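Subject: Structure handover

Hello,

Here is the structure for you to look through. My notes on what turned up follow below it.

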Amino acid sequence: MRLTTAPHPITALRRERRISQLELGLRAGVSQRHLSCIETGRAQPGRATLLALLDALEAPLEARNAALLAAGLAPQYSQHALDAEPLAPARQALERLLHAPGAAPALVIDAEWNLLMANAGVQRLLELLGIPFPACQPNLLDFLLGPQGLRGCVLNEAEVCGEVLHRARREALHVPALAQRLHTLGPLPDWPLPQVQAPLLFTRLRALDGQVLSLFSIFSSFGAPLDVTLASLRIEHLFPADMQTAQALGMG
């Protein structure tokens, strides 16, 4: 029986991005011949060469650490828990963003779409929808796309859920744990990519009292993060798209 081995980390990343050896070599300043030897294991790259290749591939920090470890080199980036002391300034900044006076509903999620932090605006929004705030840390893909989740309140379900699913699938190409999470969701409707002429995709939600709440999202992230955890985080701000929604959320 023929045994197959996993491709070199550089090979896997290059194929994910559909980049040829020649193009990657040109980007990283490495000859195609040398790159071929690296990928086949005939040559062992030095730290500087490997980092140049990973940088040219725009590899996530976690993938860079994994490639360095696979080459027998020390990882380049730390990976602290969000509540660890070294990340205290970043955590405090997140709390200020979320809990600033008059802040829109906002939440912090990681690369697997796990909800890590949320503000009072999110709780207020869920109260308007008649959905209890999760008692434990939920995964937003389950919460949004599951038949018992927020999806049941979305009036433009195909547009919103289609955009969420397609975005998650794009991200899953670089996050194996997210790919596994998508697999566990099971069969979902075949939502198409949204075909909207407006400049923004609005999420329209049916509240318990029958009114329609309309929101749009803005995402923000840390600039130049040097920690795997920080690099995985993004903050989603949910802004009201009309005065009725702003007043319902106490922002009018």
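How many aromatic pairs does the structure hold? It holds two. Rings of Phe, Tyr and Trp (its six-membered ring) pair if their centres lie within 6.5 Å; planes under 30 degrees apart count as stacked, over 60 as edge-to-face and the rest as tilted.

Before the details, two points on the source. This is a predicted model, in which local features need pLDDT of at least 70 and side-chain atom pairs count only at pLDDT 80 or more, while totals for chains, interfaces and linings use all residues. Residues are numbered from 1 along each chain as its sequence is written, and side-chain values use heavy atoms, with hydrogens and water left out.

**Rings**

Phe216 and Phe239 form a stacked pair, 6.0 Å centre to centre with 25 degrees between the planes. Phe216 is in strand 4 (residues 212-220) and Phe239 in strand 5 (residues 234-240), so this pair ties together parts 23 residues apart in sequence. Helices (H or I, at least four residues) and strands (E, at least two) are DSSP runs, numbered from the N terminus. Phe216 is buried, at 18% relative accessible area. Phe239 is partly exposed, at 30%. Buried means under 20% relative accessible area, exposed over 50%, and partly exposed in between (1.4 Å probe, protein chains only). Ring pairs link Phe202, Phe216 and Phe239 into a cluster.

Ser214 is also in strand 4. Its relative accessible area is 7%, so Ser214 is buried. Contact means heavy atoms within 4.5 Å.

**Charges**

Which ring does the charged end of Arg234 sit over? The ring is that of Trp113, with the charged end 4.9 Å from its centre. The rule asks for NZ of Lys or CZ of Arg within 6 Å of the ring centre and within 35 degrees of the ring normal.

Arg234 also meets Glu171 in a salt bridge (3.3 Å, N to O). Arg234 lies in strand 5 and Glu171 in helix 9 (residues 157-172), so the pair ties together parts 63 residues apart in sequence. Arg234 is buried at 14% relative accessibility. Glu171 is partly exposed at 21%.

The count of salt bridges comes to eight. Each is a side-chain nitrogen of Lys or Arg within 4 Å of a carboxyl oxygen of Asp or Glu. One of them joins Arg181 and Asp142, with the closest N and O atoms 2.8 Å apart. That pair links helix 10 (residues 176-184) to helix 8 (residues 140-145), 39 residues apart. Arg181 is partly exposed at 24% relative accessibility, and Asp142 is partly exposed at 32%. Arg64 and Asp55 form a salt bridge too (3.6 Å, N to O). Arg64 is buried at 12%.

**Cores**

A nonpolar core is a set of buried Ala, Val, Leu, Ile, Met, Phe, Trp, Tyr and Cys residues joined through side-chain atoms within 4.5 Å. The largest has 35 residues. Leu125, Leu129, Leu141, Leu145, Leu205 and Leu213 touch the most other members. Elements giving two or more residues to this core include strand 1 (106-109), helix 7 (120-129) and strand 4. Helix 9 gives the largest share, six residues. A separate core of 19 residues includes Leu13, Leu50, Ala56 and Leu57.

Which residues of helix 1 (residues 9-16) are buried? Ile10, Thr11, Leu13 and Arg14 are. They cover an arc of only 165 degrees around the axis, which puts them on the same side of helix 1. The arc is that of the directions from the helix axis to the C-beta atoms. Their cover includes helix 2 (21-28), helix 3 (32-40), helix 4 (47-56) and helix 5 (61-70).

Most residues other than glycine have a negative phi. Arg18 has a positive phi of about 55 degrees although it is not a glycine. Arg18 lies in the loop between helix 1 and helix 2 and is exposed at 78%. Ala224 has a positive phi of about 50 degrees. Ala224 lies in the loop between strand 4 and helix 11 (228-232) and is exposed at 69%.

Best wishes
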